[in-house]
Amino acid sequence: MDLDVFVSAHRAEWDRLDALLRRRRRLNGAEADELVALYQRTATHLSLIQSSAPDPQLTGRLSQLVARARSAVTGTRRASWRDVTRFLGQGFPAAVYRTRHWWVPTALVSTVIAILLGWWIGTHPDVQSSIAAPSQLRSLTRPGGEYETYYSSHPAAAFAAQVWTNNAQAAAMCLVLGVFLGLPVLWILFENMLNLGVGFGLMSSAGRLDTFLGLVLPHGLLELTAVFVAAGTGLRLGWTLIDPGPRTRRTALAEEGRAAVGMAIGLALVLFVSGAIEGFVTPSGLPTWARIGIGIAAELAFLTYVYVLGGRAVRAGETGDLDATDRSATVPTAA
């Protein structure tokens with residue numbers, strides 16, 4: 001594209017659009033129709049320039065012009081309870097459902113790694129001695145030891161808030177750092193599985209695996225699922241840079257990135273529930289079967305939410321991205 005020729009051919013349209021937007025009086029019918037037509041043309045011009053001959057100064061001017069025109073055409077966009085309902089009922093579960101081919105294998109592989117690490121640590125005393133001194137290990141794993149008192153060492157509300165904050169940060173890091181080809185995500189996953197494997201191995205070697213599972217499963221099922229979803233989405237985002245499919249790399253990254261941001265909000269809500277279970281249910285005096293039952297119920301509720309509501313929304317065309325009216329105009333690409 002010859003940028004100078006393109007600008008010369010369309011500058012009059014941009015100037016006319018700018019003039020219409022600056023009008024203080026109410027536009028008549030013909031002017032309103034002209035404004036809409038010029039807005040659509042200018043949005044197309046912006047996409048062409050961004051994809052073929054990016055010029056920072058011209059792109060900035062047209063982006064501002066298109067944003068002003070969109071505001072004039074569609075009116076000021078305000079969030080409403082309808083947006084919240086759409087996000088929770090369609091957008092978030094659809095985004096999680098769409099990425100299931102990434103986070104389900106991530107969950108399975110990570111769980112196997114955690115079990116293998118736990119078995120290795122639990123059956124090798126020399127590995128245990130490299131983790132801590134024997135007296136420290138006994139302090140960790142004995143009845144009433146640090147593994148048990150950890151969940152009741154702070155007031156329930158404060159503990160739940162702390163757990164939620166830490167887990168939400170970990171999930172957000174998986175989603176954001178996925179753009180670096182997913183490599184940081186793999187490290188975050190390994191750290192989580194290593195911590196789980198250490199606890200599994202040490203408690204099993206002390207003959208207290210049932211106690212460990214009774215403490216971890218009530219909140220851990222939902223918590224780890226949220227982490228696996230975040231990690232799988234982060235890995236998918238990284239793969240998008242390598243293979244964007246029929247979309248341009250810029251468009252693919254923007255679409256998947258917006259969906260990932262929405263998932264961060266949704267997963268924060270999921271982790272809030274798991275944090276509440278960890279703060280109030282895990283250290284409670286309920287029988288082990290009741291505590292684990294609550295964790296299983298929460299996990300099944302989330303999976304049903306994703307596969308039923310999310311699957312239905314995806315089949316209806318939902319992707320988890322922003323509404324079409326809230327996205328920048330793009331030029332169609334061939335499949």
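Phe 92 and Tyr 305 are both buried, where buried means under 20% relative accessible area, exposed over 50% and partly exposed in between, using a 1.4 Å probe and protein chains only. This is a predicted model, in which local features need pLDDT of at least 70 and side-chain atom pairs count only at pLDDT 80 or more, while totals for chains, interfaces and linings use all residues. Residues are numbered from 1 along each chain as its sequence is written, and side-chain values use heavy atoms, with hydrogens and water left out.

**Aromatic pairs**

- The structure holds six aromatic pairs; rings of Phe, Tyr and Trp (its six-membered ring) pair if their centres lie within 6.5 Å, and planes under 30 degrees apart count as stacked, over 60 as edge-to-face and the rest as tilted.
- One of them is the tilted pair of Phe 92 and Tyr 305, at 6.2 Å centre to centre with 40 degrees between the planes.
- Phe 92 lies in helix 4 and Tyr 305 in helix 13, so this pair ties together parts that are 213 residues apart in sequence; helices (H or I, at least four residues) are DSSP runs numbered from the N terminus.
- Phe 302 and Tyr 305 form a tilted pair at 6.4 Å centre to centre, with 40 degrees between the planes.
- Phe 302 and Tyr 305 are separated by about one helical turn because they are three residues apart in helix 13.
- Ring pairs link Phe 87, Phe 92, Phe 302 and Tyr 305 into a cluster.

**Nonpolar cores**

- The largest nonpolar core has 33 residues, of which Phe 92, Val 96, Leu 267, Phe 302 and Val 306 touch the most other members; such a core is a set of buried Ala, Val, Leu, Ile, Met, Phe, Trp, Tyr and Cys residues joined through side-chain atoms within 4.5 Å.
- Helices that each supply at least two residues of this core include helix 4 (81-98), helix 12 (249-281) and helix 13 (288-315).
- Helix 11 gives the largest share of this core, eight residues.
- A second, separate core of 17 residues includes Val 7, Trp 14, Tyr 39 and Leu 46.

**Surface patch**

- Val 109, Ile 113, Trp 187, Phe 190 and Leu 194 form a nonpolar patch on the surface, together with about 450 Å² of accessible area (Shrake-Rupley method, 1.4 Å probe, only the protein chains shown counting as cover).
- Patch residues have over 30% relative accessible area and no salt bridge, and nonpolar side chains (Val, Leu, Ile, Met, Phe, Trp, Tyr) are joined within 5 Å; a salt bridge is a side-chain nitrogen of Lys or Arg within 4 Å of a carboxyl oxygen of Asp or Glu.
- Helix 10 gives the largest share of the patch, three residues.
- Phe 190 lies in helix 10 and counts as partly exposed because its relative accessibility is 37%.

Conventions. Patch = residues over 30% accessible without salt bridge, like charges linked within 9 Å, V, L, I, M, F, W, Y side chains within 5 Å.
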